[in-house]
Amino acid sequence: MAKAFTTTVFAANDLIGGDSVYLGADAWVRDISMAEVAGDPAEAEALAARAALGERANIVVGVYAVDVSLADGTPWPVTRREQIKASRSTTIPVGPAARLDVAA
Amino acid sequence: MYRYDEFDARFVKARVAEFRDQVERRLTGSLTEDEFKPLRLMNGLYLQLHAYMLRVAIPYGTISSRQMRMLAEIAERWDRGYGHFTTRQNIQFNWPKLRDVPDILDALASVEMHAIQTSGNCIRNTTSDPLAGVAPDEIEDPRVTCEVIRQWSSLHPEFTFLGRKFKIAVSAAEEDRAAVATHDIGLYIVRNDAGEVGYRVLVGGGQGRTPMLARELRAFLPKADLLPYLEAALRIYNLHGRRDNKFKARIKILVHELGIEEYRRQVEAEFARIDRDAIAAPAEEVSRIAAYFAPPDLPVRPAEDAAFERALKTDPAFAAWVAQNTHDHRAQGYRAVTVSLKPVGGVPGDATAEQMRVLADLAERHSASELRVTHEQNIVLPHVALAGLYKVFRGLAGAGLDAPNRGLVTDIIACPGLDYCALATARSIPVAQAISRRFADPRRQAEIGPLSIKISGCINACGHHHVGHIGILGIDKAGVESYQITLGGHAGADASLGERTGPGFAYEEVPGVIERLVERYLELRSSRRETFLQTYRRVGMEPFREALYEPAL
Ligand code: SF4
């Protein structure tokens, strides 16, 4: 049985900064809530084609599709990995901030 | 300490210039990612979950104050003010920008450091005993051998594109502090019956998906034969090793499939055939290297120090730290200090730029300007006089580096896991932090005694969970983190691989699970002197399994 389609957005890493970015309506965006959502396979295919352009133009690297659920139309990833990636940071304070946290 | 010669220095500079050009071409689009990726990996640059990551080589974990200060500067100037010391005795920067990396590499080169061969299918940083050159139980300084191997393996044309990465460790002491049996090739420096010094050679150890402990390849190898023998061992692996399947490409699989006897036969045949003299390191070169590792000129000291004795009596925190975090030194009146990078609730192995500077300064003043990175993600100040120990302790305490927990339940090894790593299936760091907080009470830690907890965020096992007394492996179960527990692993001379307890546990459950295991151990141990590992080896898995899975009555 073919896997049922899940709503998706397209993720990648920014070439220069390496940080996670998502394909938005007319640019790559850092906030996943601004990402363009594909609601069916045809839309996903169209987004994938646009995302590939970003790779070819050397704006981003490593494009792939991320399964999302929608709350009030806003996408949020389904898996823990992609949630962490979409939050664009570690789940815990790190570096100098962590030191203060530990000392507290 | 070892210093690069002219050739090394010129080579590293040329390599940075070459990479600068490659980055430029990548940014302007004349190199595609497919073309660029192998080039950046050869220079230690990965692309992780949130950012690029630069892994910097610290050969056999030895680093000078000057180099440590440069790491601090890099952390501040081009990263987010901290770095992460790894289980391969290296350091990783987690947030560099691609366009800054050539500048970072230039800064590293200015203190004889680089990121070459920290990635890719080559011979990686040869690791060693963090107490090398210090430990009273050692035959000779193992770093001389490490450096001979580093020079031989750097850019070795035949071994630059192996089937998989290749890791070597060297130990020369009675106590194995280098986890030798978990390496592709492990070398113990030993003395034979005739009193000659040579190598006991192990092969085929490794962690990852199919953990195996290394087997003995040669009981005694004369010292002069080291490189020809390694060359023969690598060549047989390179000829037969599988390149079609990443998971079967490590030498451990080859040794397992051929059988150690057959692999040995082929290596010995190759060894007999090759021109040993052409490959062996010239004796003058070995003595030149050895001269760099001559013990530093430490002033002669009395065996006891009155001020030190007084501080031990008046400051119980200091006494606890001395008991747990310092080691015997070969020289009278000195100790080696382990600086724990595992404060309660902290990120294992992380140090801020400020902490790196404190370490550099303390090393300069009190440890012949030398530091070591341990594979347990701590730092060693190898040569501290008893008379300076209290000052070092106070200096460390001021920077939050005084945790008296070396080898205890909160001295946890954890890989970066899903907070950073693109390959991760689960988080490691917050799990370590939660366990560390749970066991924060120092009296309780002392009561529990030696216990190593090691956590990996995926099957690649960078957190060495297979050889943790308690190992924790985070996996992905339909998008949710789940943690498998293993017991009875050990990385020392009597190494063993952990055995799985049973079904995994949810993220939130892990600290409670560890607590139940520890409580069961405390009930079971025959005396306070019996460690967790000894108890486990005596009673086996069953009582621990019960503690985890029997429904409470
Ligand atoms: S064990 Fe896995 S998650 Fe952890 S650092 Fe290695 S590859 Fe990443």
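The C-alpha centres of domain 2 and domain 4 of chain B lie 31 Å apart in this predicted model. The contact between the two takes eleven residues from domain 2 of chain B and 13 residues from domain 4 of chain B, where contact means heavy atoms within 4.5 Å. The assignment, which comes from an automatic or database source, divides chain B into domain 1 (6-109), domain 2 (134-291), domain 3 (306-398) and domain 4 (413-552). In the model, local features need pLDDT of at least 70 and side-chain atom pairs count only at pLDDT 80 or more, whereas totals for chains, interfaces and linings use all residues. Residues are numbered from 1 along each chain as its sequence is written, chains are lettered from A and ligands numbered from 1 in the order in which they are written, and side-chain values use heavy atoms, with hydrogens and water left out.

For chain B, UniProt lists residues 119-272 and 410-550 under "domain: Nitrite/sulphite reductase 4Fe-4S" in an unreviewed entry; positions are given in the numbering used here, feature names are shortened, and such annotations may be inferred rather than shown by experiment. Over residues 410-550 of chain B, the chain is 34% helix and 18% strand, and the end C-alpha atoms are 26 Å apart. Helices (H or I, at least four residues) and strands (E, at least two) are DSSP runs, numbered from the N terminus.

The ligand is surrounded by B:C415, B:P416, B:G417, B:C421, B:L423, B:A424, B:G457, B:C458, B:N460, B:A461 and B:C462, each having a heavy atom within 4 Å of it. Of the residues in this shell, eight are nonpolar, three are polar and none is charged. In this classification Ala, Val, Leu, Ile, Met, Phe, Trp, Tyr, Cys and Pro count as nonpolar, Asp, Glu, Lys and Arg as charged, and the others, Gly among them, as polar.

B:S428 occupies the loop between β16 (413-414) and α15 (429-438) of chain B. Beyond the residues up to four places away in sequence, B:S428 touches B:A414, B:C415, B:P416, B:G417, B:L418, B:I455, B:S456 and B:G457. B:S428 counts as buried because its relative accessibility is 0%; buried means under 20% relative accessible area, exposed over 50%, and partly exposed in between (1.4 Å probe, protein chains only). The C-alpha atoms of B:S428 and B:P130, 298 residues apart along the chain, are separated by 24 Å.

The largest nonpolar core has 107 residues, and those with the most contacts inside it are B:M68, B:L71, B:I185 and B:Y263. Such a core is a set of buried Ala, Val, Leu, Ile, Met, Phe, Trp, Tyr and Cys residues joined through side-chain atoms within 4.5 Å. Helix α6 (residues 226-240) of chain B gives the most to this core, with nine residues. Another core, of 29 residues, lies apart from it and includes B:I455, B:I470, B:I472 and B:L517. With residues up to four places away in sequence left out, B:Y263 touches B:V203, B:L217, B:A233, B:I236, B:Y237, B:I251, B:L254, B:V255 and B:L258. B:D225 is found in the loop between β10 (215-222) and α6 of chain B and is buried at 16% relative accessibility. Its contacts, not counting residues up to four places away in sequence, are with B:F271 and B:R276.

Helix α4 (residues 101-109) of chain B contains B:V101. Seven of the nine residues of α4(B) are buried, so the helix is largely enclosed by the rest of the structure. The buried residues are B:V101, B:P102, B:I104, B:L105, B:A107, B:L108 and B:A109, and their cover includes α1 (6-27), β1 (45-47), β2 (52-56) and α3 (65-78) of chain B. B:V101 has a relative accessible area of 0% and, leaving aside neighbours within four places in sequence, is in contact with B:F19, B:L45, B:L54 and B:P96.

Chain A has three helices and five strands, following the pattern β-β-β-α-β-β-α-α along the sequence. Its C-alpha atoms fill a box of roughly 55 × 30 × 25 Å, taken along the principal axes. Of the 104 residues in chain A, 40% are buried.

Most residues other than glycine have a negative phi. A:D72, in the loop between β4 (60-71) and β5 (74-77) of chain A, has a positive phi near 50° and is exposed, with a relative accessible area of 84%. B:A478 likewise has a positive phi, of about 50°; B:A478 lies in the loop between β18 (470-477) and β19 (480-487) of chain B and counts as exposed at 80% relative accessibility.
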